[in-house]
Structure formats: C-alpha cells, structure tokens
Amino acid sequence: PAAVDRAGFDGDEVEGLPGVQEGHIAQAFREIDFDRNGFIGVSELRYLMTAMGESPTDDELDEMIRMIDTSGDGQVAYEEFLTLFQSGNAVLLEMAGMAPEGYVYETEVITSTAPIDDDQLIEFADLRQA
C-alpha cells in the first residue's frame with residue numbers, strides 16, 4: 001500500500017467539508033489503522049465501532065468493508081478510505097440518509113457542526129447536535 005504521509009495540514013481543503021484538509025483524513029486513517037499495516041481491516045473496524053458504542057454483526061462489518069473496498073482484498077487502503085470524503089460518494093449519501101434528526105448536513109456531503117480541536121483533528125466525541 002502507498003504510505004499515508006499526509007501528516008501536515010497545509011494541503012487543500014476537502015470540497016464540501018469546510019476546514020477539513022486531506023491531512024485530517026490521513027491522520028484519521030492512521031489512528032484507525034491500529035496495527036499500522038497501511039490498511040483498515042475488519043478487526044480494526046469492529047474495535048472502532050465498539051468504542052463508539054455500536055455492536056455490529058460480522059455480516060454488517062463485512063458489508064461496511066465491501067462498500068469501500070474497491071480492490072476486493074477484504075480491507076480498506078488509504079486511497080479507498082479517502083473516497084469516502086468525496087462529494088457524491090454513495091456510502092456518504094447513504095449515511096446522510098440514515099442520520100438522526102438534528103444534525104446539520106450540507107448538500108451531498110456530511111459536514112457536521114463539529115468544532116475542530118486545537119490539533120485540527122475532528123474527534124468523534126466532538127460531534128454535537130445542532
């Protein structure tokens with residue numbers, strides 16, 4: 001896999017996500033890639049979802065991976081992860097349609113009203129209702 005080396009936050013802002021740069025997405029990927037192998041696998045996704053208070057089934061986790069795993073190798077590379085944040089992404093649109101009421105979204109891209117921390121990384125805990 002290509003190294004995820006976009007550690008700086010001086011890059012271009014992600015279209016439809018004000019204040020979010022590709023470096024933010026790269027940092028999020030690195031934090032989810034617990035074993036640092038350059039991929040997000042089912043076990044890492046399970047851990048993340050459990051930490052967020054969810055209890056997905058094995059089938060649900062497999063489907064989540066399949067939805068963005070364009071290479072078909074059963075795991076998510078950074079390039080595949082990055083596509084989640086592109087305007088019009090089918091997964092993003094589906095997630096927006098299932099979102100609880102009271103969250104703020106813009107056009108086709110989820111852009112919660114989450115404040116950006118001093119380190120410029122949006123944390124899951126920072127999401128708040130409008």
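## Salt bridges, rings and a pocket in a predicted model

A search of the whole structure finds 2 salt bridges. A salt bridge here is a side-chain nitrogen of Lys or Arg within 4 Å of a carboxyl oxygen of Asp or Glu. This is a predicted model, in which local features need pLDDT of at least 70, side-chain atom pairs count only at pLDDT 80 or more, and totals for chains, interfaces and linings use all residues. Residues are numbered from 1 along each chain as its sequence is written, and side-chain values use heavy atoms, with hydrogens and water left out.

**The two bridges**

Helices (H or I, at least four residues) and strands (E, at least two) are DSSP runs, numbered from the N terminus.

The other bridge joins Glu63 and Arg66, at 3.1 Å from N to O. Both residues lie in helix H3, 3 residues apart, so about one helical turn separates them.

Buried means under 20% relative accessible area, exposed over 50%, and partly exposed in between (1.4 Å probe, protein chains only).

| Residue | Relative accessible area | Class |
|---|---|---|
| Arg46 | 32% | partly exposed |
| Asp58 | 48% | partly exposed |
| Glu63 | 38% | partly exposed |
| Arg66 | 53% | exposed |

**The chain as a whole**

The protein chain has 5 helices and 2 strands. Along the sequence they follow the pattern α-β-α-α-β-α-α. Of the 130 residues in the protein chain, 31% are buried. Contact means heavy atoms within 4.5 Å. Among contacts with a separation of 6 or more, 42% are between residues 24 or more positions apart.

**Aromatic rings**

The structure holds 4 aromatic pairs. One of them is Phe29 with Tyr78, an edge-to-face pair with 5.5 Å centre to centre and 80 degrees between the planes. Phe29 lies in helix H1 (residues 22-32) and Tyr78 in helix H4 (residues 78-82), so the pair ties together parts that are 49 residues apart in sequence. Rings of Phe, Tyr and Trp (its six-membered ring) pair if their centres lie within 6.5 Å; planes under 30 degrees apart count as stacked, over 60 as edge-to-face and the rest as tilted.

Both partners are buried. Phe29 has a relative accessibility of 1%, and Tyr78 has a relative accessible area of 6%.

**Helix H1 and its neighbours**

Which residues of H1 are buried? They are Gly23, His24, Ile25, Ala26, Gln27, Phe29 and Ile32. These buried residues pack against strand E1 (39-40), H2, strand E2 (76-77) and H4.

Take Ile25 in helix H1. Ile25 is buried, with a relative accessible area of 4%. Leaving aside neighbours within four places in sequence, Ile25 is in contact with Val14, Val20, Tyr78, Phe81, Leu82 and Phe85. Leu82 is 57 residues from Ile25 along the chain, yet their C-alpha atoms are separated by 7.0 Å.

The loop between H1 and E1 holds Arg36. Arg36 has a positive phi of about 60 degrees although it is not a glycine. Arg36 is exposed, with a relative accessible area of 57%.

**Helix H5**

Val91 is found in helix H5 (residues 90-97). At 13% relative accessibility, Val91 counts as buried. Beyond neighbours within four places in sequence, Val91 is in contact with Met67, Ile68 and Leu84. Met67 is 24 residues from Val91 along the chain, and their C-alpha atoms are separated by 7.0 Å.

**The second largest pocket**

About 180 Å³ of space lies in the second largest pocket. It is lined by 11 residues, and the closest to its centre are Glu13, Val14, Glu15, Glu22 and Leu82. On a 1 Å grid over the protein atoms alone, a cavity is a set of points where a 1.4 Å probe fits but cannot get out, and a pocket is an open set with protein on both sides within 12 Å along at least five of seven lines; lining residues have an atom within 4 Å of a point. Grid points are joined across faces, edges and corners, and the volume is the space filled by probe spheres set on the points.

The lining divides into 4 nonpolar, 2 polar and 5 charged residues. Ala, Val, Leu, Ile, Met, Phe, Trp, Tyr, Cys and Pro count as nonpolar, Asp, Glu, Lys and Arg as charged, and the others, Gly among them, as polar.
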